[in-house]
Amino acid sequence: MPLSRREFLGSTMSVALLPLISQAADPPQPRPNILLILADDLGYGDLGCFGHPFIKTPNLDALAAAGVKFTDCYSSAPVCSPSRCGLLTGRIPHRLGIDDWIPQGSPIHLRREEITIAQLLKKAGYATCHSGKWHCNGKFNNPNQQPQPGDAGFDHWFSTQNNAGPSHHNPVNFVRNGKRVGPLQGYSSEIIVDEAITWLKSLSTAPGQTTKPFCLFIWFHATHEPVATAEEFVNLYPNTDPPEKAVYYGNVSQLDHAVGRLMKSLADLKLADNTLTFFTSDNGPEGLKRYEKATFSHGSTGGLRGSKLHLYEGGLRVPGILHWPGHSPANAKISEPIINLDLLPTFCAAAGAEPPKNRTIDGANILPLLASQPLNRQTPLYWQYNIALGGPKIAMRDGDYKLLAREDFAGLELYNLYSDPKEKENLVERDPQRREQMLGKIQRLHDQIKSQEPQWPPQPPARLKAKPDP
């Protein structure tokens, strides 16, 4: 059955909390720590708490049970770089001039004049850290040519340009604060969390206390292909057919295990009770068999249409989990559509930081939803991916309805996602009034964004058959 608006299951909300959430300008005291956990190519249906019948994800399931599961959570692009840059800035990626994944050495990057979550929270007195995949520039660790994670507001960064290489097992390409680390032993999910835990301990002055509130971004390489998984997690899935499925299922479980270690460390440091945690994925799951050893399409959309590189739901709708002790209800489901662009205004509201006022911020503060209050969304959910697979290159969700179109605004498709999340019934002829209303809105938004979009030197199109960045 489709979920009703802002449906809450098995949860209650303290009356005393309502003014706190509605008055986002007056943040709770003390200010919360901010933890963002981002998976790579994790599908909407890849977690146990989002319905996967086999994959074991006990730690993320527990996080969802203790907090809020957003059933209609979206990435801002169906591919990694624009989604990540949109998340950081709260702005539709085409406003940034980033419309596809960024190859190593590319001139494309998150421009210095953009303002990120980390910069805003750092200005507000937060300690900031990024650990994991960056993929927001082409000339990584070349500060003379492009801004680096430190320029985007991270005091401490331990990152790779794209994938861990030459493999997500025993990588050699991590950089810590501008210095190459060299060969590392282990799997990238565990390595990323090891770094984060060490950084958190460096902030601690006493149990439950840090020198500053922290903003920690964990950006996993998992579950991006080519997948590398420790044997102990592969062995959780015996007798799978083909055997490669066990490697993928185990990869999700290994990511979950790393999340569990991180959350345990927060608890051990007595920081968990004052930490706002949000978990999501950068886009939908891999839908192509692009790698030599791929025998099946990795990842599950939970039955949604399309996958990564598509503007249908399978490419855009991703898991979303929010946990903030004392502020988020437990075991709750919210079906109001949200997008990773919402994280900037949401984190700013929680931290008492001021979002930029000299540019368009397309995201909305989602904290009112925790009190079953309406969002103040000014910009509809909008996507543009000029080389999207499956036909449509532009899409917009406004309320329950989603309109998709080609670049020339022909080939229209209209779906009611409340009753038809799998996008099976095209309503474009049956609902002409809504079609024309939404068509006018998406054209105006498209033209406005296009007038602002920075231009880069001509680049070859992204190679669908490309190997991962070394």
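Reader: Which residues of helix 5 meet helix 7, and what makes this a contact?

Author: Ser189, Glu190, Val193, Asp194, Ala196, Ile197 and Leu200 in helix 5 meet Gln254, Leu255, His257, Ala258, Arg261, Leu262, Ser265 and Leu266 in helix 7. A contact means heavy atoms within 4.5 Å. By class, eight of these residues are nonpolar, four are polar and three are charged. (Ala, Val, Leu, Ile, Met, Phe, Trp, Tyr, Cys and Pro count as nonpolar, Asp, Glu, Lys and Arg as charged, and the others, Gly among them, as polar.) This is a predicted model, in which local features need pLDDT of at least 70 and side-chain atom pairs count only at pLDDT 80 or more, while totals for chains, interfaces and linings use all residues. Residues are numbered from 1 along each chain as its sequence is written, and side-chain values use heavy atoms, with hydrogens and water left out.

Reader: Why is helix 5 called roughly parallel to helix 7?

Author: The two helices pack at an angle of about 10 degrees, with their axes 9 Å apart. Angles under 35 degrees count as roughly parallel, over 145 as roughly antiparallel, 65 to 115 as roughly perpendicular and the rest as oblique. Helix 5 is therefore roughly parallel to helix 7. (Axes are lines fitted to C-alpha atoms, for helices over the stretch in contact, and angles run from 0 to 180 degrees between N-to-C directions.)

Reader: What makes helix 2 and helix 7 oblique to each other?

Author: Helix 2 (residues 58-66) and helix 7 (residues 244-268) pack at about 55 degrees, with their axes 7 Å apart; they are therefore oblique to each other. Pro58, Asn59, Leu60 and Leu63 in helix 2 meet residues of helix 7, among them Leu255, His257 and Met263.

Reader: How does the span of helix 5 stand against the expected value?

Author: Helix 5 (residues 188-203) has 16 residues and reaches 23 Å from its first C-alpha to its last, close to the 22 Å expected. The expected span is 1.5 Å times one less than the number of residues.

Reader: Why is helix 5 called mostly covered?

Author: Twelve of its 16 residues are buried, including Ile191, Ile192, Trp199 and Leu203. Buried means under 20% relative accessible area, exposed over 50%, and partly exposed in between (1.4 Å probe, protein chains only). In the protein chain, buried residues make up 60% of the 470 residues.

Reader: How do you know that Asn137 is buried?

Author: Its relative accessible area is 1%, so Asn137 falls under the 20% limit. Asn137 lies in the loop between strand 4 (127-133) and strand 5 (156-160). Leaving aside residues up to four places away in sequence, Asn137 touches Ile102, Ile108, His109, Gln146, Pro147, Gln148 and Gln161. Asn137 and Gly105 are 32 residues apart in sequence, yet 8.3 Å apart in space, C-alpha to C-alpha.

Reader: What makes strand 7 and strand 14 edge strands?

Author: Ten strands form an open sheet in the order 7-6-5-4-10-1-11-13-2-14, with mixed pairing. Strand 7 (179-180) and strand 14 (332-334) each pair on one side only. Two strands pair if DSSP finds at least two bridges between them. Strand 1 (residues 33-39) and strand 11 (residues 275-281) are joined by seven bridges and run parallel; Ala39 has Ser281 as its bridge partner in strand 11.

Reader: How many helices and strands does the chain have, and what counts as each?

Author: The protein chain has ten helices and 19 strands. Helices (H or I, at least four residues) and strands (E, at least two) are DSSP runs, numbered from the N terminus.

Reader: Why is strand 17 called largely enclosed?

Author: Four of the five residues of strand 17 (residues 394-398) are buried, so this strand is largely enclosed by the rest of the structure. Four strands form an open, antiparallel sheet in the order 16-17-18-19. Strand 16 and strand 19 (413-416) stand at the edges, each with a single partner strand, so one side of each is left without a neighbour in the sheet.

Reader: How do you know that strand 17 pairs with strand 16 and strand 18?

Author: Four bridges join strand 16 (residues 381-384) to strand 17, and five bridges join strand 17 to strand 18 (residues 401-405). Trp383 stands opposite Ala395, and Ala395 in turn stands opposite Leu404 in strand 18. Strand 17 and strand 18 form a hairpin with two residues between them, and Gly399 in the turn has a positive phi of about 70 degrees. Helix 10 (residues 432-452) lies across strand 16, strand 17, strand 18 and strand 19, running at about 120 degrees to strand 17.
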